[in-house]
Amino acid sequence: MFCYQCQETAGCKGCTRVGVCGKTPDVAAMQDLLVFVSKGLSAVTTQLRKEERPVSKEVNHLITLNLFVTITNANFDREAIVARIKETLSVKKELLEKVKNKKALPADALWEGEESGFMEKAAEVGVLSTENEDLRSLRELITYGLKGLSAYSKHANALLEDNEAVDAFLQRALAATLDDSLSADDLVALTLETGKYGVEGMALLDQANTGAYGNPEITKVKIGVGKNPGILVSGHDLRDLEMLLEQTQGTGVDVYTHSEMLPAHYYPAFKKYPNFYGNYGNAWWKQKEEFESFQGPILMTTNCIVPPKDSYKDRMFTTGAAGYPGCKHIPGEIGEKKDFSEIIELAKTCPAPIEIEQGEIIGGFAHHQVLALADQVVEAVKSGAIKKFVVMAGCDGRAKSREYYTEFAKALPKDTVILTAGCAKYKYNKLELGDIGGIPRVLDAGQCNDSYSLAVIALKLKEVFGLENINELPIIYNIAWYEQKAVIVLLSLLYLGVKNIHLGPTLPAFLSPNVAKVLVENFGISGIGTVEEDMALFFGEA
Ligand code: FS2
Ligand code: SF4
């Protein structure tokens, strides 16, 4: 196997024996093949669109879910992945018959095969099959961005929102990674275009989430526990959470969020459920301890899954793109009502969660709420009470080097405000960093996709201050990344013209020296230093 798509890749180079995430070589092979056949299907759909033939939403959804399944920590279930490869090949075969000009298709798009030949084919089509390291780097950068975009599209689709232009681009770009005639310059241009559609994809999801559940508002979320048994919901899918909340009414079972599901508490629509208790635990990587002490069933609606311990494996469930062998998967297509009764019945037999924390945390600072406070914020900037905003969005992870983010947050001057989104916030959201004239010093916009909110806020501030360029704002970008959704967020920020982003704790292994040089020269991207060095760099003081 060879995989280097996430920040925790072995030795900052690539996982070759087994994934640091727990992905085994046979699962890695099937994920490589699923990406490959999705590229083939995308070449076919792209040609059909060129021939002005329609492509159905179901096919769009198949491709986005395929990519989502291959995101880090989403799906470890070989059988489920094999089933998706077979379905993709069968859909492709059907669509191929409708293509008039088959000669326009790359040979890879014509590949067919039986399960007995899947391992052999997978060995030919992995990341290293592109020999030139710069082309490989760009192809993978685009593919990882598209994986992130697929995740966001899929969440919007679950709320019955679609954007054909986003799907058409996603498939065109995916197919382009099979095209040997494209130069490095062509692929750089396609990388930036991926960022453009990243913004559209996040805007679509923002519209889907706020349309269905209202605009996030300032909310205090309990982090202690109640006396009832509970169900812990992790991942990012708000529609799954909604269905679970509906089905748990009157059952005596409370629902808790975990990790990236925390921001669900900020939406008005979920506040009407009396059993929506609070948030339990921290970012994804602490789940081994926290799922054990939770004592009740856990529903993983997406990544990030850590291979479960036997002590709670039989009470861990997956749904949607998520999967783990031996954990029950709750089925349900887009638009269908999922049946969570088995989880609820199990919860009734479980003890209440063991308390691991007490108190409350505050969040809900997505664009609508922050813009409602715009006068206060602008006044604080004009008076000098707020000197700088620091965007510290992104992901959390296991690496010890990520303690940098806690120390960085603690060391920030008291006249700075952190803007955050994603699970990166768990490194500092319980630190009690205080407020500036009533504005909390950590403003949590929501999940990683709500980084879109941070861009909307920046664009609005640019307008209010009458600036020409987004980079003239007093905003520092110090982003933590882990998996591929962070890649689409990064490409989206680059598309919006944001320069001098600091990315850590390490730069992606999939950036070849030449590709990294392009990003440094054109966008001023850099890594992080020590907290002391970075304080001096950003604020001129140690
Ligand atoms: Fe965190 Fe994992 Fe949100 Fe990533 S829970 S690293 O999926 O997308 O962020
Ligand atoms: Fe390694 Fe990350 Fe790939 Fe897992 S997803 S195999 S940890 S590079």
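Predicted model: local features only at pLDDT ≥ 70, side-chain atom pairs only at ≥ 80, totals over all residues.
User: Where does Cys304 lie, and what is the omega of the peptide bond from Asn303 to Cys304?
Analyst: Cys304 is placed in the loop between strand E5 (298-300) and helix H10 (310-313). The bond from Asn303 to Cys304 is cis, and its omega is near 15°.

User: Is Cys395 buried or exposed?
Analyst: The UniProt record, an unreviewed entry, annotates Cys395 as "modified residue: Cysteine persulfide". Cys395 sits in the loop between strand E9 (388-391) and helix H14 (403-411), and its contacts beyond four places in sequence include Cys423, Trp481 and Glu483. Buried means under 20% relative accessible area. Cys395 has 5% relative accessibility and therefore counts as buried.

User: How are helices H1 and H3 oriented to each other?
Analyst: H1 (residues 25-50) and H3 (residues 78-96) pack with axes 9 Å apart and at an angle of about 20°. Angles under 35 degrees count as roughly parallel. H1 and H3 are therefore roughly parallel.

User: What is the relative accessible area of Leu160?
Analyst: Leu160 is not a glycine, yet has a positive phi of about 65°. Leu160 is found in the loop between helix H5 (133-158) and helix H6 (164-176). Leu160 is exposed, with a relative accessible area of 62%.

How values were computed:
Residues numbered from 1 in each chain as written. Chains lettered and ligands numbered in written order. Heavy atoms only, no water. Axes fitted to C-alpha atoms, helices over the stretch in contact; angles between N-to-C directions. Helix = DSSP H or I, 4+ residues; strand = E, 2+ residues; numbered from the N terminus. Parallel < 35°, antiparallel > 145°, perpendicular 65-115°, else oblique. UniProt positions renumbered as here; feature names shortened; annotations may be inferred. Buried < 20%, exposed > 50% of the residue type's maximum accessible area, 1.4 Å probe, protein only. Contact = heavy atoms within 4.5 Å.
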